[in-house]
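Hi everyone, thanks for making the time.

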Amino acid sequence: MSAAAVETFDALTFDCYGTLIDWYGGVRGAARAAPSLGGIDVEKFVRDRDAIDRELIQGEYRPYSEVLAESARRAAARQSRELGAGEARDFAASMKGWPPFAESHPALTRLAKRFRLAILSNVETSTLESSVALLDVRFELLVSAQMLRSYKPRPEHWHTALERLGLEKSRVLHVGCSLFHDIRPAQALGFRTAFVNREAEMRGAGDAPTWVVDDLAALCRVLGV
C-alpha cells in the first residue's frame with residue numbers, strides 16, 4: 001500500500017492481549033505459578049485453554065475473569081489435574097499484571113503522535129484499565145466486552161468504535177494478533193487490517209490482512225512513523 005493510502009487513516013484500533021500485552025507469556029507464567037499445575041505440559045495447557053476459551057465466548061455473556069478461570073480449569077482437567085476454585089481465581093486475577101511487549105510503549109508513543117488510538121478488547125473494563133496503565137500511553141477510547149456484553153469476533157466492538165470515534169471504517173486501521181478474534185471479523189466488516197503475527201499463525205485461503213508484521217516496531221515502519 002502506498003504512503004498516500006496510509007495517510008487516509010485517522011485512527012488505529014488495537015486488540016490488547018497478544019498484540020500489546022504478552023498474553024501467552026502471562027498464561028504460561030500463571031500456569032507455572034499454580035501449585036496444582038506443577039510439572040504440567042504447559043504448551044498443551046496453552047493450546048487446550050485457547051480452544052476452550054473460543055467455545056466459551058461464543059455462548060451467553062459472562063465476565064471474562066470467569067471465562068479465563070473456567071478455561072484454565074478445563075485445560076488442567078485434560079491433563080488429569082484439578083485446578084481448585086481459589087487457584088483458578090488467582091490465575092484469572094493475575095492477568096492485570098501481565099506485562100507489555102518490550103516494543104509496545106515506544107511504538108505506541110510514536111503512533112500516538114500521528115493517529116488517534118483505541119483498544120477493542122474481550123476483557124472486563126477494570127482489567128483493561130490496569131493493562132493500559134502498564135502500557136503508559138493515552139488511548140482515546142477503550143471498548144471492553146463488559147461494556148457491550150459481547151465478545152469478539154462478534155461485530156459490536158467495531159460498530160461501537162466507529163460510533164464513538166465518529167469515523168467511517170475507511171479511516172480506521174484495525175491491528176490485532178488473532179485471525180479468529182480480530183483480523184477475520186474486521187476484514188468481513190470492511191476494515192483494513194494489520195496482522196501482528198507474533199505466533200507464526202498459519203493463514204487460510206480467505207485471510208487477506210492489509211499488512212502482516214512481526215511486531216509493533218514493524219508496524220511503525222509500515223506506517224511511516
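Predicted model: local features only at pLDDT ≥ 70, side-chain atom pairs only at ≥ 80, totals over all residues.

Okay, let's start with Val46, which sits in helix H3. Is Val46 buried or exposed? Its relative accessibility is 5%, and buried means under 20%, so Val46 counts as buried. Who does it touch? Leaving out residues up to four places away in sequence, Val46 is in contact with Tyr24, Val27 and Arg28. And look at Ala75: it's 29 residues from Val46 along the chain, yet their C-alpha atoms are 7.9 Å apart.

Now the helices themselves. H3 covers residues 42-56 and H4 covers residues 64-77, and they pack at about 135° with their axes 8 Å apart. That angle makes H3 oblique to H4. The crossing is right-handed. By class, that contact brings together nine nonpolar, one polar and five charged residues. On the H3 side you'll find, among them, Phe45, Asp48 and Arg49, and on the H4 side, residues including Tyr64 and Val67.

Last stop, the inside. The largest nonpolar core has 61 residues, and Phe14, Phe45, Ile119 and Phe139 have the most contacts inside it. Which helix gives the most to this core? That's H4, with seven residues. Apart from that core there's another one of 13 residues, including Trp158 and Val172.

Definitions and conventions:
Residues numbered from 1 in each chain as written. Heavy atoms only, no water. Axes fitted to C-alpha atoms, helices over the stretch in contact; angles between N-to-C directions. Helix = DSSP H or I, 4+ residues; strand = E, 2+ residues; numbered from the N terminus. Parallel < 35°, antiparallel > 145°, perpendicular 65-115°, else oblique. Left-handed = near helix turned anticlockwise from the far one by under 90°. Contact = heavy atoms within 4.5 Å. Nonpolar A, V, L, I, M, F, W, Y, C, P; charged D, E, K, R; others polar. Buried < 20%, exposed > 50% of the residue type's maximum accessible area, 1.4 Å probe, protein only. Core = buried A, V, L, I, M, F, W, Y, C linked by side-chain atoms within 4.5 Å.
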